[in-house]
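User: Could you walk me through this fold, helix by helix? I'd like to see how each answer is reached.

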Amino acid sequence: MSSLSLAVRDSSTMLRRNLLHARRYPSLTLNLLLTPVMLLLLFVYVFGDVMAAGIGDGGADRSAYLAYLVPGILMLTIGGTTIGSAVSVSNDMAEGIIARFRTMAIHRGSVLVGHVVGSVIQCVMSVVLVGAVAVAIGFRSTDATALEWLLAVGLLTLVSLALTWIAVGMGLSSPNAEAASNNALPLMVLPLLSSAFVPVDAMPGWFQPVAEYQPFTPAIETLRGLLLGTGIGHNGWLAVLWCLGLAVLGYVWSTSLFDRDPK
């Protein structure tokens, strides 16, 4: 077999392993899914009228705020799901299975590829589940074209890939699962500090740079424009650049940690 065939075979094996782990121990994924669902219900049914009046023209339209809110919640879902990747990688390191894999005749990169691809699949499934809840409570994307839907799916997948590589690096650099969970917490906190819940222009002036100059805001604005059929401006290119930069950074960081000789 060629080296490429071996890499694909070993990566597929590692992917199956990680998906089986996720299926047998779903509690972590379900707990991480609970946060975006609860925030969605809370901001729609408790704060929806107030938030709609605050960011609109004074009129309270809960359905309009739901349409504004859903793209940010979907990005928050991805950030939360990737925390599970950091914990999973850290567990493998602590249990010694990574060291075992290093001694076996398998493609070296297949271990990380299995984690990354498995996490991206879990992110997409989580987005589908949270999106189903949003549709159940009234979210509609009737103005988006088929191309915009396709681009939205591509963006969500790209964000999942970028954040997963960062999460894998956090898991490899953490001494235990608890530390990995804490280190990866910014992946869920940053969406809360973005334009997910209110427009950047509606924030205090001193806080606007925090919300504007981070990866989640352009990604959320791009997804919002695609799902609602509105313009995205320069946010599309910014979102892609952020994702590519984070993916490359996470890949280099993760592979360097993985290739480092254990102490």
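**A walk through the helices**

Analyst: Happy to! Leu 193 is partly exposed, its relative accessible area being 30%. Please keep in mind that this is a predicted model.

User: Where is Leu 193 found, and which residues is it in contact with, leaving aside neighbours within four places in sequence?

Analyst: Leu 193 sits in the loop between helix 9 (186-192) and helix 10 (208-212). With neighbours within four places in sequence set aside, the contacts of Leu 193 are Phe 207, Val 210, Ala 211 and Gln 214.

User: How many Å separate the C-alpha atoms of Leu 193 and Leu 244?

Analyst: Along the chain, Leu 193 and Leu 244 are 51 residues apart.

User: What is the distance between the end C-alpha atoms of helix 1, and what span should its residues give?

Analyst: Helix 1 covers residues 3-24, which makes 22 residues. At 1.5 Å a residue these should span 32 Å. The computed distance between the end C-alpha atoms agrees, at 32 Å.

User: Which residues of helix 1 are buried, and on which side of the helix do they lie?

Analyst: The buried set in helix 1 is Ala 7, Asp 10, Ser 11, Met 14, Leu 15, Arg 17 and Asn 18. Because they cover an arc of only 160° around the axis, they lie on the same side of helix 1.

User: What covers those buried residues of helix 1, and which exposed residues are on the face turned away?

Analyst: The cover over the buried residues of helix 1 includes helix 4 (62-95), helix 5 (97-103) and helix 6 (110-136). On the face turned away from the buried side, the exposed residues are Arg 16, Arg 23 and Arg 24.

User: Is Ser 110 buried or exposed, and which residues does it touch?

Analyst: Ser 110 is found in helix 6. Its relative accessible area is 0%, under the 20% cut-off, so Ser 110 counts as buried. Not counting residues up to four places away in sequence, Ser 110 touches Ala 7, Asp 10, Ser 11 and Met 14.

User: How far does helix 6 reach from its first C-alpha to its last?

Analyst: Helix 6 has 27 residues, for which 39 Å is expected at 1.5 Å a residue. The model comes close to that, with a reach of 39 Å.

User: Which residue just after helix 6 takes a positive phi?

Analyst: The phi in question is about 120°. The residue just after helix 6 that takes it is Gly 138.

User: How do helix 4 and helix 6 cross, and how do their contact residues divide?

Analyst: The axes of helix 4 and helix 6 come within 9 Å and cross at roughly 150°. The crossing is right-handed. Residues in the contact of helix 4 with helix 6 divide into 10 nonpolar, 10 polar and 1 charged.

User: What about helix 4 and helix 7: at what angle do they pack, and how do their contact residues divide?

Analyst: Helix 4 packs against helix 7 (residues 146-173) at about 35°, with the axes 8 Å apart. Helix 4 passes helix 7 in a right-handed crossing. The residues of this contact are 13 nonpolar, 7 polar and no charged.

User: Is Ser 254 buried or exposed, and what is it in contact with?

Analyst: Ser 254 belongs to helix 12 (residues 235-259). With a relative accessible area of 0%, Ser 254 is buried. Leaving aside neighbours within four places in sequence, Ser 254 is in contact with Leu 112, Trp 165, Val 168, Gly 169 and Leu 172.

Note on methods. Residues numbered from 1 in each chain as written. Predicted model: local features only at pLDDT ≥ 70, side-chain atom pairs only at ≥ 80, totals over all residues. Heavy atoms only, no water. Helix = DSSP H or I, 4+ residues; strand = E, 2+ residues; numbered from the N terminus. Expected span 1.5 Å × (residues − 1). Buried < 20%, exposed > 50% of the residue type's maximum accessible area, 1.4 Å probe, protein only. Arc of directions from axis to C-beta. Contact = heavy atoms within 4.5 Å. Axes fitted to C-alpha atoms, helices over the stretch in contact; angles between N-to-C directions. Left-handed = near helix turned anticlockwise from the far one by under 90°. Nonpolar A, V, L, I, M, F, W, Y, C, P; charged D, E, K, R; others polar.
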